[in-house]
Amino acid sequence: MKFQSPKGTRDFYPQDMAWHNFLLDAWKRVSIRNGFEQVDGPIFETLDLYKVKSGEGIVSELFSFRRTNGTTDFALRPEFTPTLARMIADRANSLSKPIKWFCTSNFCRAERPQRGRLREFWQWNVDMLGLDSAAADAEVIFTAVDFFQEMGLSREQVKVKISHRDTVRHVLLRLGVPDERMLDAFDLLDRRDKMEPDEFLRGAGELGLDRSAAQRFDEVCRMKYQAGGVDALAEHVGITGGKELDDLHTLDEQLRAFDIADWCEYDLGIVRGLAYYTGTVFEVHEISGVERAIAGGGRYDRLIELFGGPTTPAVGFGMGDVVISNVLRDKLLAPEDVMPRP
């Protein structure tokens with residue numbers, strides 16, 4: 001009988017392993033020079049750990065199991081953030097702040113394999129905890145940009161799309177979205193690029209918006225503004241003279257201080273649908289639009305509390321190996337001796 005590797009996984013022959021090591025070494029090199037320390041955790045955790053962060057709905061996305069005659073459900077890790085939160089909560093009082101950690105581990109999700117998404121993948125996670133400041137947000141974004149420069153990508157090829165959940169909330173309130181429907185509105189925004197225009201408008205109508213307000217909702221959340229253009233954004237959405245955009249103004253100053261404003265743009269349609277995000281959110285996209293998001297993250301200031309730890313401001317991002325490998329291969333930006341195969 002001839003066997004094949006499980007669907008959505010990869011065999012790493014020598015050429016593939018050379019590329020794999022090249023990419024992980026680059027992630028590690030960039031992390032360390034930006035002051036992050038490497039950590040890791042177990043390949044599986046209790047199933048309840050993932051339910052704390054994502055609810056019961058996450059179960060269908062996981063490879064979960066229970067030992068014969070056992071009483072505890074476990075799951076292969078689909079991401080690192082719950083493990084990170086557990087580790088921080090366990091030693092919160094003994095860890096010096098800020099905590100700057102990274103990992104380059106493998107993860108598993110029970111979902112349909114497609115371009116840019118596999119069932120087993122490696123992911124670079126970069127997190128900074130203990131600082132509630134726009135400078136921390138900008139430093140984490142800078143680390144991602146530093147990696148792109150390391151790999152030969154330019155700001156004409158990739159763009160960091162940034163938003164702020166409080167800013168989006170203020171805009172949606174002005175458009176007439178009730179505060180109690182805000183998470184539904186965020187979810188709708190998060191799915192907007194996968195929906196037909198009429199379907200999006202129907203969804204906006206279900207939030208209580210008339211057709212004119214729904215069209216305005218769609219228009220505002222599809223506009224892009226180069227970093228440094230917060231005033232233009234404020235004028236366009238009708239927020240002037242107030243404090244609703246103070247968070248973006250402060251972040252804008254830090255992006256310019258880190259000299260990465262040219263890599264960034266503001267896009268109010270970026271909300272990162274997960275409910276645990278609390279402030280700045282961002283995604284990195286290839287400008288051609290061929291691939292799904294290269295990386296994504298944001299601020300999650302209340303997550304550590306869910307795992308029994310103290311209030312701990314936090315910001316971070318994750319970058320999977322599959323999409324970035326596609327991008328670098330397509331643009332011939334890997335050395336020939338480790339160039340990944342299609």
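Student: With which residue does arginine 299 form a salt bridge?

Tutor: In this predicted model, local features need pLDDT of at least 70 and side-chain atom pairs count only at pLDDT 80 or more, while totals for chains, interfaces and linings use all residues. Residues are numbered from 1 along each chain as its sequence is written, and side-chain values use heavy atoms, with hydrogens and water left out. A salt bridge requires a side-chain nitrogen of Lys or Arg within 4 Å of a carboxyl oxygen of Asp or Glu. With its closest N and O atoms 2.8 Å apart, the partner of arginine 299 is aspartate 301.

Student: Is aspartate 301 buried or exposed?

Tutor: Relative accessible area, computed with a 1.4 Å probe on protein chains only, decides the class: under 20% is buried, over 50% is exposed, and values in between are partly exposed. Aspartate 301 has a relative accessible area of 16%, so this residue is buried.

Student: The backbone nitrogen of which residue lies 3.0 Å from a polar atom of the side chain of aspartate 301?

Tutor: Aspartate 301 is placed in the loop between β11 (295-299) and α11 (303-306). Leaving aside neighbours within four places in sequence, its contacts (heavy atoms within 4.5 Å) include Asp132, Thr278 and Thr311. The backbone nitrogen at 3.0 Å from the aspartate 301 side chain belongs to alanine 314.

Student: How many residues apart are arginine 77 and aspartate 40?

Tutor: These two form a salt bridge, the closest N and O atoms being 2.9 Å apart. Arginine 77 is buried because its relative accessible area is 4%, whereas aspartate 40, at 42%, is partly exposed. The former lies in the loop between β4 (73-76) and α3 (81-90) and the latter in the loop between β1 (37-38) and β2 (44-46), and their separation is 37 residues.

Student: Why is one side of each of β1 and β8 left without a neighbour in the sheet?

Tutor: Nine strands form an open sheet of mixed pairing, ordered β1-β5-β6-β12-β11-β10-β7-β9-β8; two strands pair if DSSP finds at least two bridges between them. β1 and β8 (224-226) stand at the edges, so each has a single partner strand.

Student: Which residue in β12 is the bridge partner of alanine 295?

Tutor: β11 pairs with β12 (residues 314-320) in the antiparallel sense, over five bridges. Within β12, the bridge partner of alanine 295 is methionine 319.

Conventions
Helix = DSSP H or I, 4+ residues; strand = E, 2+ residues; numbered from the N terminus. Polar contact = N/O pair within 3.5 Å; in protein donor to acceptor, adjacent residues only side chain to side chain.
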